[in-house]
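Good morning, and thank you for joining. Please take a moment with the sequence and the structure before I comment on them.

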Amino acid sequence: MPAVRNPRRSPLFRLVTIASSGLGSFTLGMWGLKFALGDNIGGMPTEVASAVIAALCALAASIAAMSFFAGIDESADYVFNETHFDKLTGLLARTAMVGKIAEAASATARTGKPVFLIDIDIDRFKQINDAIGYSNGDALIRAFTARLKAALPRDVVVGRIGAGEFAILYPDQALHGSLEALIDRVIHDLMRPYPLASHLQSVNVSVGVVAMPKDGYDPVTLLRRSNLALQNARASGIGAWAVFQPEMGRVADHRQWVESELHVAFERGDFDLHYQPQLDLPTGRVVGYEALIRWNHPERGMIAPNEFISVAEETGMIAPIGEWVLRKACTDARLLPEDCFVAVNISPVQFMTRDFVGIVEKIIKETGIAPKRLELELTESAMMQDRDRAALILKQLTAMGISVAVDDFGTGYSNLAYLIDFSFHKLKIDRSFVSRMETDSNSGAVVSTIVGLSRALGVRTIAEGVETENQATLLRAAGCQVVQGYFFGRPAPLVIGDAGLVVPADRPTSLH
């Protein structure tokens, strides 16, 4: 059956339709003459005229019926094709693919013979489509489909279930070799560049796999689980694949719960800030505190930031939450010693909002904090989303007197040109380097290099994740100026300390 067919009428069908319409009109005209002229029509006896008219009526009715039912058949065929096949590729559409998965699940329940559902997705297809244009995007999908079909046996069921997402039903008995070898070969074939009209287009693919009956029978559940495996594979790197594990479902369910609770938690006031001290290594004096958000759910207790920050960014809740954090930190900073600043992490999404500088300026005015007592920590990825705009924002923040620190330095972009283009005041050495300094000489060399680079650029360095005295000693030897970590103090809420000063409950440890 063809994948798609427009509802065009064949020449014979059109002839039959016109003929039946004409014959019907002629018959009606004959009846009109009979009623107008009486029983004698053209000299024919009444019985003959009635027989002729009756015959014409029967012929017109049969032709009209044939025309009508032929139209129904053709329309039904068109509707079937429209709902069961993808127009662009000729593969089964999502609805039809769900039906095929249900059939396969039913069959495997009877026979016990496993069937694999393989979910293949072109990573970032929407961005690719926007970049190369829809006509090239369509050509890419057609070429991808042809290559996918060529890599599979002819009798394997394949469907297109999303813009750049494809599903395969692969019976275990059809495998010649291992599933691992099959998927690796398919991924290798699909990731070869595609020659389009204007250029060679490269793509990355991710693959998720579920097995029937082990992973269930319901087609919707199976597709959800294969997609969970696919997302897990995508997080693992380029051209990766993963088999569904129950833990993936639990993670997804928890993520869904977090998404549904975030707005309620914000309105309810579940969030609070804890502060971790930052010490100047040469003097041992506390010079600042990093503000770290905490979510204390009334039923589930403390929820770690890494469980909800990414969800907040995806749902847009990071804007109100981030603004609240900034306002709260600036308000609390007025209660800290005058010679201490407060450092606030800024999400990449928050940083690129339309009026980020205006929001910061407004909060500073409303809270009355001196701009020099505020430090904003930004990751390299935040600054690289839109280099020109990021450079302008950083220049405006610096002009206001606000300090900017590059967070997690050394783990992001290898292109260091942004260090020249952007205005910043501090490089924050990532904890991954600090944790290995005692056992890995290369990590120590990286730390020393970052410190040397910061000196050349005229900026300061801070190392995070310092957990032992030996690490602190090594950092001092490398020339690092400021440190923070569990060895000096854990994040804690503010409490009233000696002499009425408000300080974090976990007092910092000094090396002196």
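I begin with a helix pair: H12 and H14 cross in a right-handed sense, meaning that the near helix is turned clockwise from the far one by less than a right angle. Helices here are DSSP runs of H or I with at least four residues, strands are E runs of at least two, and both are numbered from the N terminus.

A word on the basis. This is a predicted model, in which local features need pLDDT of at least 70 and side-chain atom pairs count only at pLDDT 80 or more, while totals for chains, interfaces and linings use all residues. Residues are numbered from 1 along each chain as its sequence is written, and side-chain values use heavy atoms, with hydrogens and water left out.

H12 spans residues 356-367 and H14 residues 387-399; they pack at about 15°, their axes 10 Å apart. The axes are lines fitted to C-alpha atoms over the stretch in contact, with angles from 0 to 180 degrees between N-to-C directions. H12 is therefore roughly parallel to H14, the term for angles under 35 degrees. Phe 356, Val 357 and Val 360 of H12 meet Ile 393, Gln 396 and Leu 397 of H14, contact meaning heavy atoms within 4.5 Å. These residues comprise 5 nonpolar, 1 polar and no charged.

Finally, confidence. The chain averages a pLDDT of 84, and 79% of the residues score at least 70; pLDDT is the predictor's confidence in each residue, from 0 to 100. Over residues 1-7 the pLDDT is below 50. Where pLDDT is low, the predicted coordinates should not be read in detail.

Conventions
Parallel < 35°, antiparallel > 145°, perpendicular 65-115°, else oblique. Nonpolar A, V, L, I, M, F, W, Y, C, P; charged D, E, K, R; others polar.
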